[in-house]
Amino acid sequence: MGVEKTVQPTALKYISLVTLTVQNSAVALSMRYARTRSGEMFIASSAVVMAELVKLLASLLLVYKQEGSVQHWFMSLHTQIWQQKLDTLKVSVPSFIYLVQNNLLYVSASNLDAATYQVTYQMKILTTALFAVLLLRRELRSLQWVALVLLTAGVAMVQLSATDGGASSASTAGQSRLLGCVAAIAACCCSGFAGIYFEKILKGSDVSVWVRNVQLSLLSLPLGAATALATDGAAIASKGFLFGYDSFVWYLVCLNALGGLLVALVVKYADNILKGFATSLAIVLSTITSAVFLGFVLTLQFAVGTALVIASVFLYSHQPRPHPPQNPMREQSRAYQKNQE
């Protein structure tokens, strides 16, 4: 029996949410350290590919644990991936959309200052909720919509407080602010649609979350490799694919792979909106950790943004009290009087 069957779905929901929050915080801090420490710098695009490869191997191992034997493991993969090609191709949709999203983000970052880029990209929280309503027919209370707006504003303020003040004053020669904003909004729509589409796939079939991860990695690996060759082909050819790798880089690769597995679990047992809350809380947690250990200076703007994020979590999870049952005799009496009139 696999992990999915031995743990209650409700418990797995909260365990995965908390773990994803911690993992996102650890990735942010570890990535910053990895890119600012002394020594040979590894090629970032190769680390993305290696993380996807590690996630694939981990997913294959989890499928084996779930099936219990090599024969059942092979038959499960053959049946659900090779024989059901159309179902496997469905997973290529979010893979392709995420690739488009990453390119749009590059266009946006190239045409907007850091502050505008960060604020605009937080719209992905709202687009995710919108696609959840449209594609999954999920109903959100008015208070939950307010919570999502507060979350968007809070995360934007937290990220702005960590933005270098000089970054926004860089030269804008050759940049198009309109193009940057359109690209950022389009990237938010891609992020929301791809996340909800993947959630619909995970929850709309009896295929295990680990097999889905195998499908996603098999399709993401070629895309990631092509992107690495397109962006860093010369560096890879001259230095090697694993240039600059040491124990810390391998730890970072495994940590990113863990994030991919956790996201699938959260999407399967919770939803993409809650995943957004977990990610937002991770931003706050990593910034606080930076203040304690890395010398980051907390500001009033950060404090207000943090308060908005925390308030949004409580608002979104608030369950209104059910209305007390009406007196049936009184209702009948009112109906009778209305008929007499």
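Student: Which hand does the crossing of H3 and H4 have?

Tutor: A crossing is right-handed if the near helix is turned clockwise from the far one by less than a right angle, and left-handed if anticlockwise. The crossing of H3 and H4 is right-handed. This is a predicted model, where local features need pLDDT of at least 70, side-chain atom pairs count only at pLDDT 80 or more, and totals for chains, interfaces and linings use all residues. Residues are numbered from 1 along each chain as its sequence is written, and side-chain values use heavy atoms, with hydrogens and water left out.

Student: At what angle do the axes of H3 and H4 cross?

Tutor: Helices are DSSP runs (H or I, at least four residues), numbered from the N terminus. Axes are lines fitted to C-alpha atoms, for helices over the stretch in contact, with angles from 0 to 180 degrees between N-to-C directions. For H3 and H4 the angle is roughly 120°, and the axes come within 8 Å. Angles under 35 degrees count as roughly parallel, over 145 as roughly antiparallel, 65 to 115 as roughly perpendicular and the rest as oblique. H3 and H4 are therefore oblique to each other.

Student: How do H3 and H11 cross?

Tutor: Helix H3 (residues 44-67) and helix H11 (residues 209-239) have axes that come within 8 Å and cross at roughly 165°. H3 is therefore roughly antiparallel to H11. The crossing in which H3 passes H11 is left-handed.

Student: What kinds of residue make the contact of H3 with H11?

Tutor: Ala, Val, Leu, Ile, Met, Phe, Trp, Tyr, Cys and Pro count as nonpolar, Asp, Glu, Lys and Arg as charged, and the others, Gly among them, as polar. In the contact of H3 with H11 there are 14 nonpolar, eight polar and three charged residues.

Student: How does H4 cross H11?

Tutor: The axes of helix H4 (residues 70-83) and H11 come within 11 Å, crossing at roughly 60°. H4 is therefore oblique to H11. H4 passes H11 in a right-handed crossing.

Student: How many salt bridges does the structure hold?

Tutor: A salt bridge is a side-chain nitrogen of Lys or Arg within 4 Å of a carboxyl oxygen of Asp or Glu. The structure holds five. One of them joins the side chains of lysine 55 and glutamate 52 (3.0 Å, N to O). Lysine 55 and glutamate 52 are separated by about one helical turn, because they are three residues apart in helix H3.

Note on methods. Helix = DSSP H or I, 4+ residues; strand = E, 2+ residues; numbered from the N terminus.
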